[in-house]
Amino acid sequence: MAKLLYGKPVAEAMCEKLRAHAEALRAKGVAPKLAIIRVGENPSDLSYERGAIQRAAMAGAEVQIIALPEDSEKADVLNAIHACNGDASIHGVLLFRPLPKHLRAFDGEIRNTLDPMKDVDGMTDLSCAGVFEGRSDLGFPPCTPQACMEILDYYGVDLSGARATVIGRSLVVGKPLAMLLMGKNATVTVCHTRTKDVPEEARRADVLVTSAGALKSLTAEHVRPGQVVIDVSINWDADKPNARGGLGAIAGDADFEAVEPIVDAITPVPGGVGAVTTSVLFSHVIAAAERMTGD
């Protein structure tokens, strides 16, 4: 039976440290604040927003919600970002993406309007460059890849010299995570839709991260004893029993019942990586506040 790498203790340990930093800032008259810009009322955005507000209270930070109508024009979103850039009381900004369909053609222009020093989720091109160059002074990495790293660190997984395989090459998770893993001296392989034999590549890994976003795509064929598996994805499994006694619940990429008995450790879904992402978000907000105040 694999060790379950729960995210809750990781998040709690992070929040304990964050509260100390937030209290030090407040003693200097600075209240760490995150601005969330939301266009429309996407249910997943609203769910994350509620979770962020709860986590902010635990971390000693504040949240300001900037809710724009679904039919907002590009200029409306840009104006909201400019206002956040110019507001010294706002230390971090989170823009929910993907944007509504009529705005997606302007995604690059919109996200790069944000001040990279207030970009706490690695959205701007400069923040991405910072991740790829290993430079923390250019911004922050996306929260989800950083959450994976926090989990590995908390549970004492030594990455130096380890083989790590990442399934998925998105700019949101796969690519930045590969860079973060290399920053800890892992030897990294990135698999994608054109990889010839994903199961073979996956079995070679000491640390296997899946972010494909495909239910039960990680099977017993992909794993071996001794591995640590980090399941990043959130999928809907209509056949999975839920807490209400019915069927239908979120699940990761891993076919959990098949994979868990084989590997040494695995993150559950839910209760794994997702539980850590908002703590990472506020660690970035508080770090941004410290930078702005010269701490």
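Is Asp206 buried, exposed or partly exposed? I looked it up: at 30% relative accessibility, Asp206 counts as partly exposed. Buried means under 20% relative accessible area, exposed over 50%, and partly exposed in between (1.4 Å probe, protein chains only).

**Ground rules**

I am working on a predicted model, where local features need pLDDT of at least 70, side-chain atom pairs count only at pLDDT 80 or more, and totals for chains, interfaces and linings use all residues. Residues are numbered from 1 along each chain as its sequence is written, and side-chain values use heavy atoms, with hydrogens and water left out.

**Salt bridges**

I searched the whole structure and got 11 salt bridges. The cut-off is a side-chain nitrogen of Lys or Arg within 4 Å of a carboxyl oxygen of Asp or Glu.

I began with Asp206. Its salt bridge is with Arg224, and the closest N and O atoms are 3.2 Å apart. Arg224 sits in the loop between strand S7 (207-210) and strand S8 (228-231), and Asp206 in the loop between H8 and S7, so the pair ties together parts 18 residues apart in sequence. Helices (H or I, at least four residues) and strands (E, at least two) are DSSP runs, numbered from the N terminus. Arg224 is partly exposed, at 25%.

I then noted a network: salt bridges with shared partners join Arg97, Asp107, Arg111 and Asp125.

Next came Glu109 and Lys74, a salt bridge of 3.1 Å, N to O. Glu109 is in helix H4 (residues 107-111) and Lys74 in helix H3 (residues 74-85), 35 residues apart. Glu109 is partly exposed at 40%, and Lys74 is partly exposed at 25%.

Arg204 and Glu201 also form a salt bridge, at 3.4 Å, N to O. They are three residues apart in helix H8 (residues 198-204), so about one helical turn separates them.

**Cysteines**

I looked for disulfides, meaning cysteine sulfur atoms within 2.5 Å of each other. The whole structure has zero. For Cys15, the nearest cysteine sulfur is that of Cys143, 13 Å away. Cys15 is buried, at 0% relative accessibility.

**Helices H1 and H6**

The axes of H1 (residues 8-27) and H6 (residues 143-154) come within 10 Å and cross at roughly 95°. Axes are lines fitted to C-alpha atoms, for helices over the stretch in contact, with angles from 0 to 180 degrees between N-to-C directions. I therefore logged H1 and H6 as roughly perpendicular, a label for 65 to 115 degrees. Contact means heavy atoms within 4.5 Å. Pro9, Val10, Ala13 and Met14 of H1 meet Glu150, Ile151 and Tyr154 of H6.

Conventions. Parallel < 35°, antiparallel > 145°, perpendicular 65-115°, else oblique.
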